[in-house]
Amino acid sequence: MAHRFEIRKNKAGEFVAYFCHNSESIFWTEGYSSKASAKNAIESILKNGPGAEVVDKSDA
């Protein structure tokens, strides 16, 4: 599968969840002090993302 989540550490030593397509990072979360928090962020995205509203502000 080309889409995946990755948990990485940033330069500050925080855990960050990345959503990737092939080798490109599409979006990422803020940094968390624990890996469990990064995993919780992924679970929240998976749970709440499919029903998320799309807002077009390109004409604003």
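A salt bridge is taken here as a side-chain nitrogen of Lys or Arg within 4 Å of a carboxyl oxygen of Asp or Glu. The model is predicted. By this rule, two salt bridges are counted, and they are listed in the table.

| Salt bridge | N to O distance |
|---|---|
| Arg4 and Glu6 | 2.7 Å |
| Arg8 and Glu6 | 2.8 Å |

Together, Arg4, Glu6 and Arg8 form a network of salt bridges. Arg4 has a relative accessible area of 34% and is therefore partly exposed. Arg8 is partly exposed as well, because its relative accessible area is 32%. Across the strand pairing, Arg4 stands opposite Cys20 in S2.

The sheet is open and has three strands in the order S1-S2-S3, paired antiparallel. Strand S1 (3–9) and S3 are the edge strands, each pairing on one side only. On average, neighbouring strands of this sheet are turned by 40° against each other, direction ignored. S1 and strand S2 (residues 15–21) run antiparallel and are joined by seven bridges. Helix H1 lies across S1, S2 and S3, and runs at about 155° to S1.

Where does Thr29 lie? Thr29 is placed in the loop between strand S3 (24–28) and helix H1 (35–48). Is Thr29 buried or exposed? The relative accessible area of Thr29 is 15%, so this residue is buried, the cut-off for buried being under 20%. Apart from neighbours within four places in sequence, Thr29 is in contact with Val16, Ala17, Ala41 and Ile45.

Notes: Residues numbered from 1 in each chain as written. Predicted model: local features only at pLDDT ≥ 70, side-chain atom pairs only at ≥ 80, totals over all residues. Heavy atoms only, no water. Buried < 20%, exposed > 50% of the residue type's maximum accessible area, 1.4 Å probe, protein only. Helix = DSSP H or I, 4+ residues; strand = E, 2+ residues; numbered from the N terminus. Contact = heavy atoms within 4.5 Å. Pairing = 2+ DSSP bridges. Axes fitted to C-alpha atoms, helices over the stretch in contact; angles between N-to-C directions.
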